Amino acid sequence: MKVITAALVCLLLARAWLQDVDAKSMHVSSSNCCFTLVERKMSLQRIQCYKNTSSTCSYKNHLILKLNGGQEACVSQTKSWVRAYLKRINPCQ
């Protein structure tokens, strides 16, 4: 009887863990949304490429800039410096 109880507890814990992992993976699209914007003009040399935010994001006019060193920054497409940079940098692959 104790073995069955222990097995059931293990199964319940495994299920709870898997649900937690699934719940986190469902929020991947939110990592493609911008919530905080960089307002200051950045150096063009720091920017590798850009990508659009997800279509499910609340704000539609934002871009995610991929920077040197693996960092990302969110900017508004309405800024004049961003529009000028878009002519000189490529979309991310």
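This section describes the disulfides of the structure and the surroundings of one serine. The model is predicted, so that local features require pLDDT of at least 70 and side-chain atom pairs pLDDT 80 or more, while totals for chains, interfaces and linings use all residues. Residues are numbered from 1 along each chain as its sequence is written, and side-chain values use heavy atoms, without hydrogens and water.

Three disulfides (pairs of cysteine sulfur atoms within 2.5 Å) were found in a search of the whole structure. With bonded cysteines counted along the chain, their pattern is 1-4, 2-5, 3-6.

Cys33 is joined to Cys57 with an S to S distance of 2.0 Å. This pair links distant parts of the chain, 24 residues apart: Cys33 lies in the loop between α1 (2–25) and β1, and Cys57 in the loop between β1 and β2. Helices (H or I, at least four residues) and strands (E, at least two) are DSSP runs, numbered from the N terminus.

The sulfur atoms of Cys34 and Cys74 are 2.2 Å apart in a second disulfide. Both residues are buried, where buried means under 20% relative accessible area, exposed over 50%, and partly exposed in between (1.4 Å probe, protein chains only).

A further disulfide joins Cys49 to Cys92; with 95 degrees about the S-S bond, this link is right-handed. Cys49 is buried because its relative accessibility is 12%, whereas Cys92, at 21%, is partly exposed.

Ser54 lies in the loop between β1 (47–52) and β2 (62–67). Its relative accessible area is 19%, and therefore Ser54 counts as buried.
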